[in-house]
Amino acid sequence: MKVLVTGAYGQLGRCIYDVVTDSYHLPYDEYFFASHKDFDITNLVCMEGYLLSHPDIECIINCAAYTNVDGAEKDPYTAFYINSRGVQNLVQLCEKYDIMLFHISTDYVYKDGQGICNEESEIEPINIYGQSKRDGELHIINSKLKNWYILRTSWLYSEYPGNFFTKILDQCTRSAAHNLTVVDDEIGSPTYAKSLAELIVCIIQHGYYATTLKSGIYNASGNGMASRYDFAANIISGAYHIKVNGNELHIKVPVYPIKQADLNLPAKRPHCVVMDNKKIYQYIPISRDHWSYDLSTCITNYENNMNHKIKEYKILYGKDLY
Ligand SMILES: NC(=O)c1ccc[n+]([C@@H]2O[C@H](COP(=O)([O-])OP(=O)(O)OC[C@H]3O[C@@H](n4cnc5c(N)ncnc54)[C@H](OP(=O)(O)O)[C@@H]3O)[C@@H](O)[C@H]2O)c1
């Protein structure tokens, strides 16, 4: 099967690339990775042009999104234009060319304070980002698509820059922070983007879409729960023995809990939305570990990436990166 990954230079797109190019996975499918520029989901002409020049695409994994949660409060137009209108465009083309659609949505569509949420839990997005993602979901739910999957995930992180995991480590290493403050009244399910990527590739590779897995909405997060504070503390303690350039990092930055109200961020965040992933794992016979186990895998991959970057820099510029 020919599979197109949109938003391919974002963290989930990069993780899907890693998974399908990893020799252990050897997918039988052919993947195309399109950047924002190659396949802008707000530009129907550009999108159709791409499909016509890459014929026989049978599946799209939509990783393209506006993901700046605070930015969405200031610029709701752009958030809706990408997360809702963009998805409507995808639906239109997937209907026209009979393409299966995997779309990534968020825990931020659920009503806050329900605790453990399954796919039947109440929907009530708490902020503009969540509302725009819910709007995107509705275009798919109300479509005539034959094969569609909305995978709701949460707290995505990876070794690639720009997410909670890398921001915590950057603050500890680069800016040599003396202490960190992280909220303890935001509780959710951290999700390693590579685990989500493996799940999607597995569904496609083993043809579960044609057998056990019916079109629909599925939670797809890391197992278990944590506060942001717990998550940060685990990242820092897990990274203690990371070796960069042969030397252990020995990060010893203390983390102190604060409350969301102390930060006064433009967008509200849910206080407690924990994902119940049972539905999808009824149909996909792979085991999923607790989020803390996935975190240690991410730390190892982060360490390997850092050392690779340092080596490359030395070869290219003849001096040390740090
Ligand atoms: N990050 C999280 O914590 C989280 C949690 C729950 C759900 N999700 C969902 O998971 C999915 C993947 O998230 P992620 O963390 O991988 O996000 P990401 O790193 O921000 O990647 C999003 C990608 O979408 C691209 N993009 C933006 N506008 C586009 C457009 N109009 N057309 C095509 N591409 C466009 C971006 O490209 P540019 O950078 O060039 O604009 C970027 O490469 C998203 O649907 C997100 O809503 C994320």
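This is a predicted model: local features need pLDDT of at least 70, side-chain atom pairs count only at pLDDT 80 or more; totals for chains, interfaces and linings use all residues.
**View 1. An open sheet is built from 6 strands.**
The strands lie in the order β2-β1-β3-β4-β6-β11, and their pairing is parallel. At the edges of the sheet are β2, residues 30-33, and β11, residues 216-219, each of which pairs on one side only. From one strand to the next, the twist averages 20°.

**View 2. Helix α1 crosses helix α7.**
Helix α1 covers residues 11-21 and helix α7 covers residues 193-205. Their axes come within 8 Å and cross at roughly 60°. The two helices are therefore oblique to each other. The crossing of α1 and α7 is right-handed. On the side of α1, the contact is made by Gln11, Leu12, Cys15, Ile16, Asp18, Val19 and Val20. On the side of α7, the contributing residues are Ala193, Lys194, Leu196, Ala197, Glu198, Ile200 and Val201. Sorted by class, this contact has 10 nonpolar residues, 1 polar residue and 3 charged residues.

**View 3. A shell of 25 residues surrounds the ligand.**
The closest residues to the ligand are Gly7, Gly10, Leu12, Ala64 and Ala65. Leu12 also takes part in the contact between α1 and α7. Three elements, namely α1, α4 (residues 76-97) and β4 (residues 100-106), each supply at least two residues of the shell. Of these elements, β4 is also one of the strands of the open sheet. By class, the shell divides into 12 nonpolar, 11 polar and 2 charged residues.

**View 4. Helix α8 crosses helix α11.**
Helix α8 comprises residues 228-238, and helix α11 comprises residues 291-317. The axes of these helices come within 10 Å and cross at roughly 45°. That angle makes α8 oblique to α11. The crossing of α8 past α11 is right-handed. In the contact, Asn234, Ile235 and Gly238 of α8 meet Ser292, Leu295, Ser296 and Ile299 of α11.

Definitions and conventions
Residues are numbered from 1 along each chain as its sequence is written. Two strands pair if DSSP finds at least two bridges between them. Helices (H or I, at least four residues) and strands (E, at least two) are DSSP runs, numbered from the N terminus. Axes are lines fitted to C-alpha atoms, for helices over the stretch in contact, and angles run from 0 to 180 degrees between N-to-C directions. Angles under 35 degrees count as roughly parallel, over 145 as roughly antiparallel, 65 to 115 as roughly perpendicular and the rest as oblique. A crossing is left-handed if the near helix is turned anticlockwise from the far one by less than a right angle, and right-handed if clockwise. Two residues are in contact if their C-beta atoms, placed from the backbone, lie within 7 Å. Ala, Val, Leu, Ile, Met, Phe, Trp, Tyr, Cys and Pro count as nonpolar, Asp, Glu, Lys and Arg as charged, and the others, Gly among them, as polar. A residue is near a molecule or strand if its C-beta atom, placed from the backbone, lies within 6 Å of it.
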